[in-house]
Structures are given as structure tokens and as C-alpha cells.
Amino acid sequence: MKKLVIVLGLAVTGLTACNNFDKGEGDMLYKIHTDKSGETIKEGDFVAFKAIEKTEGDSVLYSSYDYDRPSLLVKEKSVFKGDLFAALGLLSEGDSATFKINIDSMVQKMGRPQPSDTTKKYLVYTIKIDKVIPKGSLNDSLFRGKIDEFLKAEMEQAKTAEVAKVKAYVSSKSLKPKVTASGLNYVVSKEGNGAKANLGDTVVVNYTGMFLSGKVFDSSLPDVAKKNGTFNPQRPYEPLKLPVGMGGSIPGFEEGLMLLNKGTKATLILPSKLAYGEQGNQGIPPFSPLVFEVDVVNIIPGTAPVAAAAPKQ
């Protein structure tokens with residue numbers, strides 16, 4: 001969508017939509033699940049919310065829960081009657097609801113791509129409002145200051161919770177990882193019988209990168225990319241060739257590859273300090289631990305002249 005810019009921030013549990021909907025403006029249908037007291041969201045207000053976007057056939061197109069962050073935006077004027085901005089205008093802080101928004105109107109008025117897996121009339125949005133910062137009569141500087149204060153607190157919370165999240169992930173998968181001095185966790189699922197890479201050797205590796213939620217953000221395998229909605233017909237799908245120790249990838253990925261023999265399959269669990277850290281990366285929020293499933297296909301001795309790009313979305 002052109003107007004509804006979603007930025008990633010903090011999340012908790014999901015919500016279940018109900019089948020009994022009320023009629024809103026335009027073609028909008030809605031069902032309020034939780035109705036707290038308070039001022040409804042106005043144009044110009046800052047909003048942090050959890051969101052799931054689905055087709056009417058329950059195919060999930062987007063979920064902020066995948067990233068363990070809420071979505072963030074400043075409410076704008078509606079582009080058409082019954083759009084998502086109008087939907088947010090029915091809610092206040094603490095509210096939750098499910099909305100059905102007309103697909104054709106979103107495509108025609110907002111330039112949203114037509115979903116390929118539905119012929120139905122609506123897209124379904126389940127939304128829970130975490131925080132509203134009213135613009136009101138605040139000047140831009142004071143308003144921006146309140147937003148920055150909120151984002152700083154959210155960032156600190158994400159940073160503080162990271163260690164516990166990694167431990168919970170390891171426990172939920174019943175993993176028994178080895179832990180390096182840097183904090184990298186790794187589990188070998190298939191031990192290879194080849195040599196390990198030395199500094200400057202090129203490791204040829206298939207990989208799949210995901211969040212702790214299991215949401216895949218990148219893969220060198222076309223079948224995995226297609227299954228998880230990340231397939232890009234413009235890119236080649238083949239093993240990554242990475243000269244290790246040359247700074248061509250994120251630190252935890254390179255460290256992990258140098259621990260593995262040719263032919264090894266393993267899971268690497270990277271704390272954010274070994275991944276994209278406090279800055280994050282395109283599609284990867286700050287302080288996000290990452291998981292990589294890797295398969296070391298080959299190790300080519302010698303220093304490659306040009307370092308390869310980091311695996312990323």
C-alpha cells in the first residue's frame with residue numbers, strides 16, 4: 001500500500017475474528033472485540049498496533065507477530081470510504097477489532113497489489129491497539145519527542161527481552177546447542193566428513209534465514225522461498241559462495257560457517273549483536289535474534305578477491 005506504511009515494533013498474542021460483522025462506512029464491515037474507554041484515533045495521531053492481514057480464505061499475507069514487534073503509523077486522512085484509516089478511526093487505545101476492507105478499492109485507490117491467492121471481495125484485518133499518542137495541539141517538536149520517547153522504551157524492552165527469547169526458543173525446540181564465547185548457539189544435525197574452512201576460504205552453503213517465530217525472511221533454496229512467500233524470480237537461487245573471515249556477512253553467520261565441516265548441516269542461532277544489532281536491517285527490526293539453517297556444500301581453499309554480500313531479505 002502507498003499510504004499505510006507499516007514499520008516494525010513489539011508484539012504479543014494473536015486475536016481470533018468473529019463471523020458477526022457490523023456495517024461501516026463504504027464497503028467496510030467490522031466487529032469490535034474489545035472496547036475500552038477513551039478518545040478514538042484522530043487524523044495525525046501516532047498509533048502502535050498489532051495486525052494480521054488475511055484473505056477471506058484465511059491465507060495470512062502479513063502478521064506483525066512474525067517479527068515480535070507492533071506496526072507503527074501516523075493516521076492519515078482516508079483515501080476512500082471504509083479504508084484502513086477509517087477503520088482505525090473507530091478504535092481507541094486498548095481496543096481490538098476485525099475489519100473487512102474492499103480489495104478492489106485498495107487496488108484502485110491506494111495502488112495495493114492484487115493478492116494472487118484470492119478472488120474474494122475483502123481482505124480481513126485483525127487489529128489490537130497498543131498505544132496512541134494524540135497529536136492534538138502539540139507542535140511538531142513536542143509530538144516527535146513523545147514518539148521518540150515511546151520508541152526508545154520499546155527498543156530497550158526488546159533489548160532486555162532478547163536473552164530470554166533465545167532461551168525460550170532453544171527450550172521450545174528441545175535443542176542442546178553448543179555456545180561459543182561470542183554467544184553464538186549452534187546445533188549440528190548432520191556431521192560432515194570434510195575439512196573445516198580456514199580464514200579466507202570460500203564456503204559454498206545453502207541457507208534459510210528466519211526469525212525466532214519461524215517466519216522465513218530469506219533462503220537460497222527456491223522451494224523454501226516459494227513456500228514462505230519470499231520467492232523473487234529476478235534473483236538466482238543457488239548456494240551462497242562466501243569467503244569467510246573477510247567481513248562479507250554478519251559476524252555470527254561467518255563464525256558459524258567456520259565451525260562446520262564440509263557436508264555438515266546445522267542450525268545457527270544468532271543473538272542480535274552477531275546479526276544486525278541495534279540498527280536492524282531491511283525487514284529485520286533492531287535487537288532481533290536470527291536463526292539460520294545451513295548446509296555446507298563445499299569449501300574452496302584460498303582467499304577470494306571480492307567478499308560476497310550478506311544474506312538478507
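So let me start with a question: is K50 buried or exposed? K50 is buried, with a relative accessible area of 4%. By buried I mean under 20% relative accessible area, while exposed is over 50% and partly exposed is in between, using a 1.4 Å probe and protein chains only.

Quick housekeeping before we go on. This is a predicted model, so local features need pLDDT of at least 70 and side-chain atom pairs count only at pLDDT 80 or more, while totals for chains, interfaces and linings use all residues. Residues are numbered from 1 along each chain as its sequence is written, and side-chain values use heavy atoms, with hydrogens and water left out.

What about that confidence score, then? pLDDT is the predictor's confidence in each residue, from 0 to 100. The chain averages 90, and 90% of the residues score at least 70. Over residues 1-18, though, the pLDDT is below 50, and beyond near neighbours in sequence this stretch has 64 contacts in the model; a contact means heavy atoms within 4.5 Å. Residues 304-310 also stay under 50, with 19 contacts beyond four places in sequence. Where pLDDT is low, the predicted coordinates should not be read in detail.

Now the overall picture. There are 5 helices and 15 strands; those are DSSP runs numbered from the N terminus, helices being H or I with at least four residues and strands E with at least two. The C-alpha trace spans about 65 × 45 × 40 Å along its principal axes. Of the 313 residues in the chain, buried ones make up 46%. And if you take contacts with a separation of 6 or more, residues 24 or more positions apart account for 71% of them.

On to charges. Side chains of opposite charge can pair when their charged atoms come close. The rule here for a salt bridge is a side-chain nitrogen of Lys or Arg within 4 Å of a carboxyl oxygen of Asp or Glu. How many salt bridges does that rule give? The count comes to 10.

Back to K50, which forms one of them with D130, the closest N and O atoms being 2.4 Å apart. K50 sits in strand β4 (residues 46-55) and D130 in strand β8 (residues 122-133), so this pair ties together parts that are 80 residues apart in sequence. D130 is partly exposed, at 25% relative accessible area.

D130 has another partner, too: its side chain meets that of K128 in a salt bridge at 3.7 Å, N to O. K128 is partly exposed as well, with 26% relative accessibility. Put together, K50, K128 and D130 are linked in a network of salt bridges.

Strand β4 comes up again in the next pair. E53 forms a salt bridge with R112, and here the closest N and O atoms are 2.8 Å apart. E53 lies in strand β4 and R112 in the loop between α2 (103-110) and β8, so to speak a link between distant parts of the chain, 59 residues apart. Which side are these two on, buried or exposed? E53 is buried at 7% relative accessible area, and R112 is buried at 11%.

Last stop, P236. You'll find P236 in the loop between α4 (222-227) and β13 (240-243). P236 is exposed, with a relative accessible area of 54%. Its C-alpha atom is separated by 8.3 Å from that of S220, 16 residues apart along the chain.
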